[in-house]
Amino acid sequence: MARVCFVLVAGLDRALLEQTPGLKTLAVGGGGMKHAASYRPAFPAVTCTAQATLTTGATAGEHGIICNGLYTHNRPALWPHLDLANHADTRKQVTFWEQSNSLLERPRFWQGMNKKVAMLFWQNAMCGAADVVVTPKPQHGPDGKPLTACWSSPANLYPQLVEKLGPFPLMNYWSPMAGLPSSQWIVKCAEHVWETQHLDLQLVYIPQLDFNLLRKGPNDPAVVKDLQDIDMLLAALAQRVRLDGGIFVVAGDYGMNAVSRYATPNLTLRQAGLLKTKSDESGKLVVDYDASDAFAMVDHQVSHVYMRQCSEDRAATALQQLPGIEQVLRKQEIAALGLNNQRTGDLVLLAAKDAWLAHDWWESDAEKPRWQFTVDIHSKPGFDTRELFFDPVKKCIAQDAGLVKGSHGLVDDPARWPMLLGDVALPVGGGGGEIKATVIAAWLKELLTN
C-alpha cells in the first residue's frame, strides 16, 4: 500500500507558479513533480473551509465549516465544540480558529480505512481527527508567560520536537513578525514525524506564502522569493518521502487577489441603525449582539450577515450601496454556491475582487476596544489582516486597513485557482476537464488503497 505525504501551501496558485521560473521541487520535470494542474477551490476560498473540503470531499454547506469563524451567539448547541478554557464570553458570540474536529459534519475520508494519519498544522485537527496531530495552541501560566506554543497527540510528541528543534516560533506564524522560521520548523517537524511515526498519510500545512501575499499582494517580488524559499524547503521532505517509496503531493488552498481598497459592512449596519453597540469595562464600544438586528462576520473577501428576519431587506439595501461590495447573496443564491447550512449567514456578502472586508464598526480610534490594537485572533469577531503590520509610532498593530494588498475568498478567476502537483496522475476532472476541490479526497483515498 502506498504512503502519501500531502503538503498544503497557502496561496499557491497557477498565476504565481507561472511567474516564478527556476523552481525545481514545485516544477514539472527537472527532478520535480510529474503532474500539475489547477483546480476549482472550495467556496469560500479560505483556510478552514478549504482544509475541511480537501479532507472530506464535501462542500462547506455539507461539512459545516462555512469560513474560518462561527457565529455562536444564542446557539448553545455549538458551545460544547468550542474551546471555552479562555475567551469564553467572546467565543459564545463569534469565534474564529476553533480547533475541534467535532465541528465537522462530515467524516474525514480516511475514517474506517485503518490507516495511520498525521495532521501537522491543519485546522480542526483536535479531538480524534487523526492518530498524530501537532497544532498551534498557546497556553499561558497565571503570570501570562507562555508555557507551550503547540498541542500534540500523542502528548509527548511536541516535547520531543522541542528537544530536537527548539520551541515552535509562534510569533513567526502569525504577527507582524510572521515569516520563514515558522515554515522551516514545520517542515523539519514533518520530516521527523514521517521518519518516526510510520504513517500511511501525512498532511502538512505550510503558511509561508500567505504572509507577503496578504501584506504586499500577489505581484510583489517578495512573493517570488518566498516561493523559491518554499521550493528549497520542500526538497528535503520530498526526497525523504520518495526514498521511502512514498508519494509526494503539493497543493494550494486558494489564490490571492490584489486589493487596493476595503469595505466595513458592520459600520454600514451601525449607521443604518441595525447594529447596536454597548460600552465594555473600559468604556470602548463592542457589539451588543442581543440588541442588534444585523451583524456581519467578515472573513477576507466573504462575509456572513446574521440578522433578525424582519431586517433582511433593510440590511441588504444598505449593504448593496457600500463601495467594495460586489454582491449581496440571499438564500437561493447561497444554496447555489454550496453554502446552504444552518451555520451560514442570512445574507452572504462577496467583496469586489480588488477589495477586502474589515470587521470595524467604530468611527474613531477612541471607540475601539483594546484588543483591536493587538494580535488577538480570539477576541476579534472577524479576520483582521492588519495583524501582520506594526505601527512603529503608536507601537501597536497598525490600524490602517489600506495597508493590506492581498485577500482571498472568491473563486471565479481560473488564473488564481490553486495548484495540485503530484508524483502520480492527478484526479480526472468533470465537465470541461475541470478538477474540483471536492474530488481530491477521493483521489487521495484511492492512492492509499493502491
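Is Phe 295 buried or exposed, and what is its relative accessible area?

Modeller: Phe 295 is buried, and its relative accessible area is 1%; buried means under 20% relative accessible area, exposed over 50%, and partly exposed in between, with a 1.4 Å probe and protein chains only. This is a predicted model, in which local features need pLDDT of at least 70 and side-chain atom pairs count only at pLDDT 80 or more, while totals for chains, interfaces and linings use all residues. Residues are numbered from 1 along each chain as its sequence is written, and side-chain values use heavy atoms, with hydrogens and water left out.

The ring of Phe 295 has a partner. Rings of Phe, Tyr and Trp (for Trp, its six-membered ring) pair if their centres lie within 6.5 Å; planes under 30 degrees apart count as stacked, over 60 as edge-to-face and the rest as tilted. By this rule there are 17 aromatic pairs. One of them joins Tyr 71 to Phe 295, and this pair is stacked, with 6.2 Å from centre to centre and 25° between the planes. Because Tyr 71 belongs to strand S3 (residues 69–71) and Phe 295 to strand S14 (residues 294–299), the pair ties together parts that are 224 residues apart in sequence. Here helices (H or I, at least four residues) and strands (E, at least two) are DSSP runs, numbered from the N terminus. Tyr 71 is buried as well, with a relative accessible area of 10%.

Phe 168 lies in the loop between helix H5 (157–165) and helix H6 (180–196), and Trp 185 lies in helix H6, so the pair ties together parts that are 17 residues apart in sequence. Both Phe 168 and Trp 185 are buried. They also belong to a cluster, in which ring pairs link Phe 121, Tyr 158, Phe 168, Tyr 173 and Trp 185.

Strands of a sheet pair through backbone hydrogen bonds, either parallel or antiparallel. In this account, two strands pair if DSSP finds at least two bridges between them. S14 belongs to an open sheet of 4 strands in the order S14-S15-S17-S16, with antiparallel pairing. S14 and strand S16 (325–329) stand at the edges with a single partner strand each, so one side of each is left without a neighbour in the sheet. From one strand to the next, the twist averages 20°; axes are lines fitted to C-alpha atoms, for helices over the stretch in contact, and angles run from 0 to 180 degrees between N-to-C directions. S14 and strand S15 (residues 302–307) run antiparallel and are joined by 6 bridges. Within S15, Tyr 306 stands opposite Phe 295.

A parallel pairing is found elsewhere, between S5 and strand S8 (residues 201–206), over 4 bridges. Met 119 stands opposite Leu 203 in S8. Strand S5 (residues 117–120) is covered on both faces: Val 117 and Met 119 on one side, and Ala 118 and Leu 120 on the other, are all buried.

The loop between S5 and S6 deserves a brief remark on backbone geometry. Most residues other than glycine have a negative phi, and most peptide bonds are trans. Asn 124, in the loop between S5 and S6, has a positive phi of about 50° although it is not a glycine. Cys 127 is placed in that loop between S5 and S6 too, and has a positive phi of about 70°. Asn 124 counts as buried at 3% relative accessibility, whereas Cys 127 counts as exposed at 55%.

Cis peptide bonds are also present. One joins Phe 43 to Pro 44, with omega near -5°, and Pro 44 is found in the loop between strand S2 (35–38) and H2. Another joins Ser 153 and Pro 154, where omega is about 5°, and Pro 154 lies in the loop between S7 and H5.
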